[in-house]
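Have the viewer open as you read.

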Amino acid sequence: MTSTGSGAWTEPGSYPVAPGITRIPLPLPMDGLRAVNVYVIETDSGLVLVDGGWSIAESRTQFEISMKEAGYALSDIRRFLVTHLHRDHYTQAYVVGREVGADVALGLGDKPSMDLMHDRSISHDPNLDRLKLAGAYELAANWTAMMPAERPPMDDYGMPDQWLDRDHTIDIGGRVLAAVSTPGHTQGHFVFADASAGVLFAGDHVLPTITPSIGFEPAWVRQPLRDYLDSLRKVRELPDLQLLPAHGPVTASSHARVDELVAHHDERLDACAAALAEGATTAWEVAALLPWTNRGRRLSELDPFNSTLAAFETLAHLDLLQALGRVTVSEADGVAYYAQAPTAATVSS
């Protein structure tokens, strides 16, 4: 029997969200993001799933239970549309896709990161260079200590069957989805809009209760926040749709949440500039002056993984301020140093 969805959004089960569309939350092995939503779409030729979950035993067991509860079998799956390469979205889609013969599609912008992940000639984690760029030396040392001595196997991280490139439409059999390229969270992130059903499969691009991390991917780009804000504008230009996020409850208005996210990043840009005015010079020093998470925690209260996300997001905000001409940046010994740009009055004097 299908669950009603009256409890927390992470509660296991299967939840109809629109005619022929079911939400299945699957568990994650982490404290913060406790689950990921997988969406099952009925089509004329079988099931199409948006995202697949993390390939761990607990998730696989719940996946099979929830699919059966909804009246489906894994063998009914014909295709996975994966919003981006992060393992909580991609790895179970890849593993199950191989087992049942379902094609797996992923955004082409994620291919450079996938290539790096498969490149056995790389001798160190690219995240270390980025942490040093942020001035987070102690965190870089902790990050190294957390990493396994040997690179883990990539059995659940093979290449997709199809690379999605640019904005286009996908006929999935009785439904047409608008596949919209939304780089920012990762360079290959895609969202999928079903205008006829009035829903947006938003992945991690638009989340209802938290702000997505920006640019946490092996193949680093210099302006992930600019890309993300541009992508938010693209989604804002779509019709106002029911928001089907990867993490969090289904909500009524994609437009309302996009507006909140844009306002949030405007505030963070101003806060980063203010931190520079207080004397901070590196991304790590700026991050230490900012509140983090919905609870307003200090940087020192975060675990190493979330501290890393904070360092990278602060880099992204500072680099966008530099592109906007509000700050200057210089590098010395692999560290980026930021300062407020001189005002017109200062220059003239």
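Accessible areas here come from the Shrake-Rupley method with a 1.4 Å probe, and for residues only the protein chains shown count as cover. On that basis, the accessible surface of the chain comes to about 15,100 Å², and 52% of it belongs to carbon and sulfur atoms. Bear in mind that this is a predicted model, where local features need pLDDT of at least 70, side-chain atom pairs count only at pLDDT 80 or more, and totals for chains, interfaces and linings use all residues. Residues are numbered from 1 along each chain as its sequence is written, and side-chain values use heavy atoms, with hydrogens and water left out.

Now the overall build. The chain has 10 helices and 14 strands; these are DSSP runs numbered from the N terminus, with helices being H or I of at least four residues and strands E of at least two. Along its principal axes, the C-alpha trace spans about 70 × 45 × 35 Å. A compact globule of 349 residues would have a radius of gyration near 20 Å, and the chain's 21 Å agrees with that (taken over C-alpha atoms; the globule rule is 2.2 Å times the number of residues to the power 0.38).

Of the 349 residues, 51% are buried, where buried means under 20% relative accessible area, exposed over 50%, and partly exposed in between (1.4 Å probe, protein chains only). Take contacts as heavy atoms within 4.5 Å: among those between residues at least 6 apart in sequence, 63% join residues at least 24 apart.

On to the aromatics. Rings of Phe, Tyr and Trp (its six-membered ring) pair if their centres lie within 6.5 Å; planes under 30 degrees apart count as stacked, over 60 as edge-to-face and the rest as tilted. By this rule there are 7 aromatic pairs. Phe190 and Phe192 make a stacked one, at 6.3 Å centre to centre with 20° between the planes, and both residues are buried.

What about Trp220 and Phe312? Their ring centres are 6.2 Å apart and their planes sit at 50°, so this pair is tilted. Trp220 lies in the loop between β11 (199–203) and α6 (224–236), while Phe312 is in helix α9 (residues 304–323), so the pair ties together parts that are 92 residues apart in sequence. Trp220 is partly exposed, with a relative accessible area of 24%, whereas Phe312 is buried at 1%.
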